[in-house]
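Please look over the sequence and the structure before reading on.

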Amino acid sequence: MSKRDYYEVLGVAKTANEGELKSAFRKLAMAYHPDRNPGDKDAEIKFKEVNEAYQTLSDGQKRAAYDRFGHAAFSQGGPGGPGFGTDFGDFMSDIFDTFFGDARGGAGAGAGARAGRPGGGRERGADLRYNLEISLEEAFTGKTETIRLPTSVTCEVCAGSGAKAGSKPRACPTCGGYGRVRAAQGFFAIERTCPNCQGRGEIIDDPCPACSGAGRVTRERTLSVNVPAGVDDGLRIRLAGEGESGLRGGPAGDLYIFLSIKPHPFFQRDGADLFCRVPISMVTAALSGEITVPVIDGSHTTVRIPAGTQTNKQFRLKGKGMPVLRSRDVGDLYIQVFVETPQNLTKRQRELLQEFDQHGTGVDNHPESAGFFSRVKEFFDGLSGSGRA
């Protein structure tokens with residue numbers, strides 16, 4: 001019986017790229033998988049045919065030979081013949097590492113074991129989080145903060161091995177120190193975490209009494225954290241290797257410092273810009289004057305208020321804001337004024353205001369209110385006219 005064309009087997013064009021080949025193979029491999037078709041000889045034959053086609057076409061050299069000579073390129077033991085001999089289990093394990101590795105706990109584990117990387121089960125320590133609150137002034141200048149946190153550190157008694165002094169861990173006899181074992185399922189070879197050593201690849205017969213074989217103990221650590229100038233609320237600082245120590249000499253995790261900035265009594269922040277809302281008197285707003293305002297660096301500056309200033313008028317002070325993180329740029333400070341209406345007037349103050357009002361409050365003095373009420377009158381006149389019509 002002659003073999004079918006490999007492109008026809010996978011259902012792809014001869015111009016198919018690597019991604020299209022993978023997609024076609026994955027779909028057909030799942031469809032004809034023996035576990036999904038128990039006892040179905042036709043499905044098993046098709047499954048082998050699909051794998052043979054993919055193994056050839058996914059290899060650049062084999063594909064070039066096949067495109068030129070067809071199946072004759074691999075006849076009589078020619079180069080690149082896929083076959084289904086003693087290496088088929090290894091081939092299929094590699095195939096499932098590539099496509100379905102996540103379902104088995106991560107791609108490439110089997111290949112790593114076969115490559116002779118024992119001890120792959122040394123667990124990395126967990127990452128830790130520390131919440132640090134600073135003031136806006138500290139975010140402006142930057143600071144070095146000393147923090148204390150309880151965490152797991154390498155056991156000094158056993159130097160992280162987990163074994164009692166004078167002894168040492170031995171290779172797991174079940175997995176040979178690889179941390180994974182292979183089990184045959186049909187014509188598949190599936191790798192799993194070793195049940196004897198839980199993937200560590202080692203067995204400790206005499207554990208360290210100080211850490212009970214874990215290779216780490218809990219201690220309070222003191223660290224210095226450099227907070228750069230210009231940090232913003234919610235920024236995360238990563239300290240590599242300052243997290244929890246790994247089990248039995250495994251690598252340490254990382255420490256993440258999450259920054260929050262306390263509310264400020266004067267300033268509100270928007271990126272590198274600062275905003276300060278300042279009350280001014282009605283007289284200053286009307287006649288002009290000067291006000292003194294604070295600056296985030298601890299100094300103060302004077303702002304000139306022109307005559308006729310209205311509420312929400314903003315004055316920009318260039319370069320008086322926050323520094324931009326990892327940059328020489330600096331934001332601005334915006335002074336937003338609002339006119340405060342006087343309260344608790346004396347009799348004389350009230351008389352003066354009434355006298356001022358008697359001298360007229362026309363368009364020249366109050367253009368916005370005069371214009372508004374003029375438009376209101378036109379609006380109601382329009383409604384009355386519509387009603388008469």
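The sections below go from the whole chain to helix packing, salt bridges and the surface.

## Basis of the description

The model is predicted, so local features need pLDDT of at least 70 and side-chain atom pairs count only at pLDDT 80 or more, while totals for chains, interfaces and linings use all residues. Residues are numbered from 1 along each chain as its sequence is written, and side-chain values use heavy atoms, with hydrogens and water left out.

## Overall make-up

The protein has 10 helices and 15 strands, where helices (H or I, at least four residues) and strands (E, at least two) are DSSP runs numbered from the N terminus. Of its 389 residues, 36% are buried; buried means under 20% relative accessible area, exposed over 50%, and partly exposed in between, with a 1.4 Å probe and protein chains only.

The accessible surface of the protein comes to about 23,600 Å², and 49% of it belongs to carbon and sulfur atoms; such areas come from the Shrake-Rupley method with a 1.4 Å probe, and for residues only the protein chains shown count as cover. Among contacts between residues at least 6 apart in sequence, 63% join residues at least 24 apart, a contact being heavy atoms within 4.5 Å.

## Packing of helices 3 and 4

Helix 3 (residues 41-57) packs against helix 4 (residues 60-69) at an angle of about 105°, and their axes are 6 Å apart. This angle makes helix 3 roughly perpendicular to helix 4. On the side of helix 3 the contact is made by Q55, T56 and L57, and on the side of helix 4 by K62, R63 and Y66.

The axes are lines fitted to C-alpha atoms, for helices over the stretch in contact, and angles run from 0 to 180 degrees between N-to-C directions. Angles under 35 degrees count as roughly parallel, over 145 as roughly antiparallel, 65 to 115 as roughly perpendicular and the rest as oblique.

## Salt bridges

A search of the whole structure finds 16 salt bridges, each defined as a side-chain nitrogen of Lys or Arg within 4 Å of a carboxyl oxygen of Asp or Glu. One of them joins E52 to K3, with the closest N and O atoms 2.6 Å apart. Because E52 lies in helix 3 and K3 in the segment before helix 1 (6-10), this pair ties together parts that are 49 residues apart in sequence. E52 is buried, at 12% relative accessible area, whereas K3 is exposed, at 52%.

In a second pair, D205 and R170 form a salt bridge whose closest N and O atoms are 2.6 Å apart. D205 lies in the loop between strand 6 and strand 7 (216-227) and R170 in strand 3 (residues 170-171), so the bridge ties together parts that are 35 residues apart in sequence. D205 is exposed, with a relative accessible area of 54%, and R170 is partly exposed, with 39%. Elsewhere, salt bridges that share partners join R124, D127, R238 and D254 into one network.

## A nonpolar surface patch

F379, F380 and L383 form a nonpolar patch on the surface, with about 330 Å² of accessible area together. Patches are made of residues with over 30% relative accessible area and no salt bridge, where like charges are joined within 9 Å and nonpolar side chains (Val, Leu, Ile, Met, Phe, Trp, Tyr) within 5 Å. F380 is placed in helix 10 (residues 367-388) and counts as partly exposed at 48% relative accessibility.
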